[in-house]
Amino acid sequence: MSNPGTEARWWHGATLYQVYVRSFQDTNDDGYGDLNGVTARLDYLAWLGVDGIWLSPTMPSPDQDWGYDVSDYLGVHPELGTLADLDRLIAEAGQRGMRVLLDLVPNHTSSAHPWFVAAGDPASPYRDYYVWADPAPGGGPPNNWLAATGAAAWTLDQRSGQYYLHNFLPSQPDLNWWEPRVHEAFREILRFWFDRGVAGFRIDVAQGLYKDAELRDDPPEPGGDVVRSRFGLAQVYSANRPESHAVFRDWRKIAESYPSPRLLLGETWVGDLHALAAFHGHSDELQLTFNFPFIFAPFTAAALSAVVAETLADLPAGEASVWTASNHDISRFPTRWCGGDEGRARLALLVLATLPGTFVLYNGDEIAMTDVDVPAALVRDLMRAQTGARESRDRSRTPMPWDDSPTAGFTGERARPWLPYGEHAVRNVAAQRADPASTLHLCRELIALRRAEFAGQLASYTQLDAPAGVWAYRTGRLTVVANFTGSPVSLAEAGGVAGEVLIRSDSAAGAGADQVGPWAGVIARSA
Ligand code: NOJ
Ligand code: CA
């Protein structure tokens, strides 16, 4: 924020940080993190050097899906705080040079939202805010669409004899984006928050808004990964409809009507990089899009570098890509990619922080926090508990380990955290802050380097020749050599590094100054 020249595209070359509010910091000893807890930790985030934070859902909700079931888009969940608390958080973040993004859930509401409550009456003016359909000719759901639970995406409403659509839990009815009043309602929601100083939104299920008007069956997709296949179906008709792009063009105009343009960051859950790039439109839709093919790529030099090359080739000129590897829905990357090996997690951070575009950390990534094994009796994630089909998402939602005290510095001594702590005695912020060689310090140095080299810019990217298993690239003035093998590699062979080595994820004493050690990375800068 200090540099007005970078204001218009402040996310270029920036670092964002996802705060899972319920697990960040509890200030009233109820065992749930809250907004005042985020405010209390702003000095830490400023020390880490992030440019902005994305808060997981903050709006009132019955919490069937921990805030992704919104019952009031213009309020703050009482368990998390008040509107005044949120205003204060935004103001205090601003004083430290950080912006605040909220989570917006436009694909569905809670079934407790007054719109859906009213829509239960077939004569209600709100009926068409949701997707209703008659049973199939022989009875049963109108088509073959599946919810994220693996069950039918339709629930029968006894009162009208029609089914309503829910791509997630039955308590999360999908909105009907063919209805113009839904568009008008969301325009007002956007303006309400932008007017309060919210810097942008992470947009939940961005690919999902419109559904096929004819409600055609989704085709089979037996082989695809979790992004391409929903329990064996490709979401060709239940999501991914072309009409959604017009919504983002509309919102982009609203976002850019502010002197400091607001940011639209899509949770674009698509498996195809062309489809991902299409969410940027002609630089008139979403400014940023989460890249799930990258997130789910194997942790190898070949796989990751291929996704990066294709992403950058597909994006319209001048658009920034997002590099992230953890969030509250998936296994944390130090577990998923790195099998708990901290050296590999440091390598991953070094790569994520040096790719051109926007780097997004999930809280805990900076200390290489791993997944926590949450016993079945303590699981709070209904989406998974309902089917038992996949692992609970709670493994990546546990409290932030601030220190090694019995409450991990997260809550009060007598409070019970809403999810169990992990190995906070082994890995916590306080211990790593005191150790200059820690992953936390490495991450902070990477963020500082990123800001110094890239702030407000899209750096160039060129992949360099390197031996198998090694990914070397030049970006701006930096040369990065990332060794994804178990053997040391000579820097001269990989990328031909010339210039001063600025940061390495291993220790030079161990690896030798002219080498990069096994599963480690080096950053050099040419003059
Ligand atoms: C994606 C969110 O990140 C996830 O937590 C949620 O369950 C679904 N969208 C539905 O809102
Ligand atoms: Ca609390």
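Student: What volume does the largest cavity have?

Tutor: About 70 Å³. Bear in mind that this is a predicted model: local features need pLDDT of at least 70, side-chain atom pairs count only at pLDDT 80 or more, and totals for chains, interfaces and linings use all residues. Residues are numbered from 1 along each chain as its sequence is written, chains are lettered from A and ligands numbered from 1 in the order in which they are written, and side-chain values use heavy atoms, leaving out hydrogens and water.

Student: Why is a space like that called a cavity?

Tutor: Because on a 1 Å grid over the protein atoms alone, a 1.4 Å probe fits at its points but cannot get out. The volume is the space filled by probe spheres set on those points, which are joined across faces, edges and corners.

Student: Which residues line the largest cavity?

Tutor: Among them are Tyr20, Arg22, Asp63, Trp66 and His77. A lining residue has an atom within 4 Å of a grid point. By class, this lining has six nonpolar, four polar and two charged residues. The second largest cavity has three nonpolar, six polar and two charged, including Asn107, Gln207 and Arg230. Here Ala, Val, Leu, Ile, Met, Phe, Trp, Tyr, Cys and Pro are nonpolar, Asp, Glu, Lys and Arg charged, and the others, Gly among them, polar.

Student: How much space lies in the largest pocket?

Tutor: About 900 Å³. It's lined by 45 residues, and the closest to its centre are Gln207, Val226, Val227, Arg230 and Trp269. Its lining splits into 18 nonpolar, eleven polar and 16 charged residues. It's a pocket because its set of points is open, with protein on both sides within 12 Å along at least five of seven lines.

Student: Where does ligand 1 sit?

Tutor: In the largest pocket; to say that, more than half of its atoms must lie within 2 Å of the grid points. Surrounding ligand 1 are 13 residues, each with a heavy atom within 4 Å of it. They divide into four nonpolar, two polar and seven charged.

Student: What lies 2.5 Å from an oxygen atom of ligand 1?

Tutor: A polar side-chain atom of aspartate 65. A polar contact is a pair of N or O atoms within 3.5 Å, so that 2.5 Å pair qualifies. So do the aspartate 329 pair at 2.5 Å and the arginine 393 pair at 2.9 Å.

Notes:
A polar contact is a pair of N or O atoms within 3.5 Å; within protein, one must be able to donate a hydrogen and the other to accept it, and residues adjacent in sequence count only if both atoms are side-chain atoms.
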